[in-house]
Amino acid sequence: MLSLVACDVDDSTGTKPLDNQTQNNGGTQNNDGTSSNKPEEPELVMPDAPTEGVSMMEYNPAYKTLEDITANVTFTYTSFASTSAITTNSVTEFSAQDKADAFFNDFANIGDTDVYYHYTVEEGYRNFFLANTEYSEHLAVVPKTAVYNAKTDTLYILLDYNRKPLAENHGRPETTTKVAKNTVASYHIIGVKAGEHTDAEHIVFVAPENKPLCREDINVSVVSYDAKYQELQHFEWNSNAVSAGVHSFPSTKALTENKAMFITSEDVFMTLQQEYNDITTKDNDWIVMEPGLMWYKHRSGGTAIENSSSCDALLNILVASPELDPYSAIRHEQPRVVTGVDNSGKEITTMCCAFYDEATQTVYIYLGYNGMPHTQYESFMDKDAINNNAKGTYVLMSIDFDETMMDKVQNVVIVLPDPATVPSN
């Protein structure tokens with residue numbers, strides 16, 4: 001059982017995703033006729049006060065204007081996956097240990113159920129069982145912030161998601177796949193101890209903020225290899241300022257131009273998979289896409305992409321180019337750049353995850369060959385199919401920007417591998 005104690009928790013121009021349009025974030029017109037790119041801040045209106053002792057509400061930023069008492073609150077909590085669908089949203093307060101046990105017996109019915117830690121009803125805590133159709137089917141909810149409204153004697157618990165699918169709580173790869181592919185709902189137990197506010201007249205659990213699954217406010221281009229971008233400002237590979245998960249696969253579909261496509265939902269992901277990922281066997285593949293999370297497993301026990309962001313939505317794209325070798329696997333290249341010299345005059349180098357042009361707010365991310373053919377990873381089932389049918393390589397990318405870069409990127413340029421580095425047959 002987890003606990004949280006007093007904390008917040010050569011195409012030079014390339015192509016742009018989909019219809020090459022980006023979102024207009026709004027703005028205002030100045031008195032001199034010029035326009036401002038700064039959008040107007042929406043007025044925060046507090047939702048109606050709760051009428052029940054215990055309830056659940058949708059996220060509203062107005063709650064964050066209330067008194068923050070998180071430092072004085074402790075939580076106990078656990079979540080589990082289930083094949084039992086939720087028909088009615090409900091929050092149930094309970095105080096007896098046998099009631100907590102009953103929730104597990106009734107709903108924790110898939111996978112290695114013994115891995116779920118026994119929830120202990122602790123003295124001084126108010127305990128609640130939550131079922132909500134709007135919550136993610138695959139993620140645990142985590143109590144992140146506690147705020148209090150003295151006028152209505154209401155304690156609001158603002159929830160967030162754990163950035164790891166519940167299926168991963170199961171140790172065996174085959175069980176993890178089974179849980180991920182068959183889960184239809186998640187259930188949650190939360191214990192709250194809030195000092196003098198523990199017995200507030202109203203306790204409200206506020207759903208996690210509904211964020212987009214994929215950023216679409218960024219222009220994406222795909223360009224041929226050029227080392228010149230490595231002369232720009234660089235981010236070291238371990239800085240996390242820019243990070244990218246990469247998974248490549250062979251395809252019978254060949255392209256005549258560079259292309260990048262937004263992956264804005266699981267439906268879009270499955271459509272792109274069906275259209276382009278048409279050689280490798282995918283019976284045991286599964287994906288969980290949530291705001292700030294791209295978790296894609298290829299085959300039982302295999303890892304494709306595990307990328308998460310605690311700040312904002314990820315940039316999820318599928319990259320294609322006729323320049324990519326149809327038989328070779330791709331990685332996120334981390335070029336080495338010279339950063340100085342040591343006392344002996346020897347150059348000091350560092351690996352870089354990306355390069356940045358501040359003037360244009362453009363991030364350049366390099367792809368490279370990892371030295372292995374696709375058949376190295378698909379040899380058990382699809383080796384001959386790949387060797388006989390591959391006409392192109394496609395690259396699934398999930399890109400994250402940390403809080404220092406989140407609002408400083410308008411363009412992303414994917415730089416294709418150096419053609420001189422194509423692995424030999």
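Let me begin with Y225, which is partly exposed at a relative accessible area of 30%; the term covers values between buried, under 20%, and exposed, over 50%, computed with a 1.4 Å probe on protein chains only. Y366, by contrast, has 2% relative accessibility and therefore counts as buried.

Please note that this is a predicted model, in which local features need pLDDT of at least 70 and side-chain atom pairs count only at pLDDT 80 or more, while totals for chains, interfaces and linings use all residues. Residues are numbered from 1 along each chain as its sequence is written, and side-chain values use heavy atoms, without hydrogens and water.

I turn to the aromatic pairs. The whole structure contains 17 of them. Rings of Phe, Tyr and Trp (its six-membered ring) pair if their centres lie within 6.5 Å; planes under 30 degrees apart are stacked, over 60 edge-to-face, and the rest tilted. The ring centres of Y225 and Y366 are 6.1 Å apart with planes at 70°, so this pair is edge-to-face. Y225 sits in the loop between β13 (219-223) and β14 (233-236), and Y366 in strand β24 (residues 362-373), so the pair ties together parts 141 residues apart in sequence. Strands here are DSSP runs of E with at least two residues, helices runs of H or I with at least four, numbered from the N terminus.

For F269 and Y296, the centres lie 5.0 Å apart and the planes stand at 70°, so that pair is edge-to-face. F269 belongs to helix α3 (residues 266-276) and Y296 to strand β18 (residues 293-297), 27 residues apart. Both F269 and Y296 are buried.

Finally, ring pairs join F80, F94, F103, F104, F107, Y119, F129 and Y187 into a cluster.
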